[in-house]
Amino acid sequence: MTTFCQLRELRLEGNFLHRLPNEVSTLQHLKAIDLSRNQFRDFPEQLTTLPALETINLEENDIVDVPVEKLAAMSALRCINLRFNPLNAEVRAIAPPLIKFDMLVSPEGARAPPP
């Protein structure tokens, strides 16, 4: 991954991933990442260290908790898609007043449409 240090967009949707390698933090020019339809249970915190990141798509994973404070500190972040994740009630309550970007979530208990 360190070979692609100028990478701007990374699409890894639908690959049964459950974690990202630490080398993702070397992608300092990354603007968009699509990790939808994978098997993440934990939010990939390496993403919070990427200064140029504008868009994060984590739709249809198994993420319960999100580092809202770290995301709120990301100056370039414009949108994070967390639809169809079983987010806990605390994330749903604490995020809106802290964030300045769009956070897309499904209604509590919503399930992803069948493939």
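Glu 69 is a residue of helix H1 in this predicted model. Its relative accessibility is 52%, and Glu 69 therefore counts as exposed, since the exposed class begins over 50%. On the surface, Glu 69 takes part in a patch of negative charge together with Asp 42, Asp 65 and Glu 90.

- Between the C-alpha atoms of Glu 69 and Pro 96 the separation is 11 Å, although the two residues stand 27 residues apart along the chain.

**The negative patch**
- Four residues gather in this surface patch: Asp 42, Asp 65, Glu 69 and Glu 90.

**Fold elements**
- The chain holds two helices and five strands.
- Read from the N terminus, these elements follow the order β-β-β-α-β-α-β.

**Overall dimensions and burial**
- The radius of gyration of the chain is 14 Å, which agrees with the value near 13 Å that a compact globule of 115 residues would have.
- Along the principal axes, the C-alpha atoms fill a box of roughly 40 × 35 × 20 Å.
- Buried residues make up 37% of the 115 residues in the chain.

Note on methods: Residues are numbered from 1 along each chain as its sequence is written. This is a predicted model: local features need pLDDT of at least 70, side-chain atom pairs count only at pLDDT 80 or more; totals for chains, interfaces and linings use all residues. Side-chain values use heavy atoms; hydrogens and water are left out. Patches are made of residues with over 30% relative accessible area and no salt bridge: like charges are joined within 9 Å, nonpolar side chains (Val, Leu, Ile, Met, Phe, Trp, Tyr) within 5 Å. Accessible areas come from the Shrake-Rupley method with a 1.4 Å probe; for residues, only the protein chains shown count as cover. A salt bridge is a side-chain nitrogen of Lys or Arg within 4 Å of a carboxyl oxygen of Asp or Glu. Lys and Arg count as positive and Asp and Glu as negative; His and the chain ends are not counted. The place of a charge is taken as NZ of Lys, CZ of Arg, CG of Asp or CD of Glu. Helices (H or I, at least four residues) and strands (E, at least two) are DSSP runs, numbered from the N terminus. The radius of gyration is taken over C-alpha atoms; the globule rule is 2.2 Å times the number of residues to the power 0.38. Buried means under 20% relative accessible area, exposed over 50%, partly exposed in between (1.4 Å probe, protein chains only).
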